[in-house]
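Subject: Structure for you to look at

Hello,

Here is the structure I promised to pass on. Please open it beside this message and follow along.

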Amino acid sequence: MIMESLARGCLITCICAWMFCSSFVSADSLTIDHRHTDITKLTEGQINRAKSVLHIAYGHTSHGSQLTEGMSSLVGFANGGGLGLTMPDDIFAWNNGGSGGALDLHDYAMGGDVGYYPDWVNNTRAYLDNQANSNVNVIIWSWCGQMSGKYTGGTLTNEYLAPMSMLETSYPDVVFVYMTGHVDHGADAAQKAACQVIRDYCAAHGKVLYDFADIEHYDPDETYFEYVGDDCRYYNAGGTELGNWATEWQGTHTEGVDWYTCIAAHSQPLNGNRKAYGAWALWCAVADDMDRDGLSDTWEERYGGMALFSGGSGNYDGDAMTDSEEYQAGTEPTNAASVFMISDMTASENQAITFLSSTSRVYSLFSCGDLCDANWAAVSGAAHRLGTGDAITLLDTNDVHGLRRFYRVGVMLP
Ligand SMILES: [Ca+2]
Ligand SMILES: [Ca+2]
Ligand SMILES: [Ca+2]
């Protein structure tokens with residue numbers, strides 16, 4: 001999502017710009033998929049926050065154990081410096097109860113898997129209604145099979161999506177994590193269609209999704225395998241087996257350095273590795289937005305607490321930007337003088353657009369020739385810039401002399 005700021009002012013004859021803010025952050029869906037399997041991108045602070053905030057209950061059978069088995073063996077891999085990790089020892093430790101500074105994850109908390117309806121719903125309610133589990137704030141269920149069958153049988157909504165949504169209503173302080181099922185080459189079309197139904201539902205309704213199937217379509221180099229089985233074998237469109245993406249990658253990389261061995265039910269260790277990386281990305285992301293309003297809880301706490309900004313649509317400091325826009329732009333939501341705006345524009349050989357940037361935000365330059373058309377386009381040759389916390393300048397190096405140009409700057413979270 002991009003927010004844009006324009007400053008009004010004349011650069012040279014027929015070249016001017018205008019300022020406004022548009023778009024906003026809202027309670028977006030959160031999807032964890034193959035794009036979130038680089039565990040080296042997680043920070044120690046994010047991991048420790050997940051460990052301090054989360055109390056997770058996980059219901060699963062064999063396929064779902066790829067997450068927890070992968071997470072178990074990840075501890076030693078990271079301790080040994082795998083992938084160049086230099087985190088403190090045992091930072092990825094987890095156990096039931098969270099003792100010793102580990103992540104609190106109640107493995108096999110609820111019997112069965114999400115394929116067994118209505119058992120999984122009843123088991124969830126019984127678990128959460130048990131006072132002994134009153135601190136649990138994340139529920140996650142995996143599939144083993146049945147997903148594609150529910151799709152073809154027309155019960156995917158009534159036996160999965162709708163009950164999940166009802167549970168969310170019943171337990172508003174608990175984050176429920178949706179999942180896609182494992183890839184299934186034997187039922188490829190139905191499996192893909194079922195996954196897409198789940199993805200579309202989660203995207204449309206602001207849900208949290210761990211996209212199990214998507215992770216199984218990619219190797220660590222982001223090579224995509226369209227026709228693939230849960231054992232990582234891949235095929236052509238005609239069904240001819242071509243290889244195994246996991247064993248091939250493992251065979252050309254170093255165990256203990258690039259990947260680690262682990263139990264991965266029905267599959268290969270590399271798949272378990274990637275499930276664990278995705279799981280930790282999930283824990284970190286969930287822990288930083290427990291109220292699911294699209295605003296980082298860390299950011300909200302920095303400026304006074306989540307109660308001040310709930311929903312993000314308010315405007316605490318009364319300036320021209322909503323709380324959500326302030327979050328996206330990295331401006332201060334409690335300081336009306338802190339807003340996202342172009343501060344200077346100069347025209348000489350190039351058109352120079354200057355503004356105060358924020359760290360951890362990415363900026364890009366757009367222009368158009370007619371505000372009535374408002375046909376904004378990225379300025380060619382103007383690279384995206386990472387904010388520094390100081391003023392930065394974006395340049396339009398194209399020859400626009402004699403042309404009318406309006407500029408605006410877009411900002412987004414990386
Ligand atoms: Ca939040
Ligand atoms: Ca504001
Ligand atoms: Ca402000």
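Start at Val177. Leaving out residues up to four places away in sequence, Val177 touches Val138, Ile139, Ile140, Val208, Tyr210 and Leu282. Keep in mind that this is a predicted model.

Now look at the strand around that residue. Strand β10 covers residues 175-179. Of its 5 residues, 4 are buried, so the rest of the structure largely encloses β10.

What pairs with β10? Strand β9, residues 138-141, is joined to β10 by 3 bridges, and the two run parallel. Val138 stands opposite Val175 in β10. Ile139 stands opposite Phe176 in β10. Strand β11, residues 208-210, is also joined to β10 by 3 bridges, again in parallel. There, Tyr178 stands opposite Leu209 in β11.

Next, step back to the sheet. It is open and has 7 strands, with parallel pairing. The order is β5-β11-β10-β9-β6-β8-β7. Which strands lie at the edges? They are β5 (30-32) and β7 (94-95), and each of them pairs on one side only.

A helix comes in here too. Helix α6 spans residues 188-205. Together, β10, α6 and β11 make a right-handed β-α-β unit. Helix α6 lies across β5, β10 and β11. Its direction is at about 150° to that of β11.

On to the cores. In soluble globular proteins, nonpolar side chains tend to be buried together. Here, the largest nonpolar core has 73 residues. Which residues have the most contacts inside this core? They are Val138, Val177, Trp280 and Trp283.

Last, the overall layout. The domain assignment gives two entries. Domain 1 is made of 3-19 + 341-412. Domain 2 is 30-292. How many Å separate their centres, taken over C-alpha atoms? The separation between the centres of domain 1 and domain 2 is 41 Å.

Best wishes

Note on methods:
Residues numbered from 1 in each chain as written. Chains lettered and ligands numbered in written order. Predicted model: local features only at pLDDT ≥ 70, side-chain atom pairs only at ≥ 80, totals over all residues. Domains from an automatic or database assignment. Core = buried A, V, L, I, M, F, W, Y, C linked by C-beta atoms within 7 Å. Buried ≥ 20, exposed ≤ 12 C-beta atoms within 10 Å, placed from the backbone. Contact = placed C-beta atoms within 7 Å. Pairing = 2+ DSSP bridges. Right-handed = clockwise from strand over helix to strand, strands pointing away. Axes fitted to C-alpha atoms, helices over the stretch in contact; angles between N-to-C directions.
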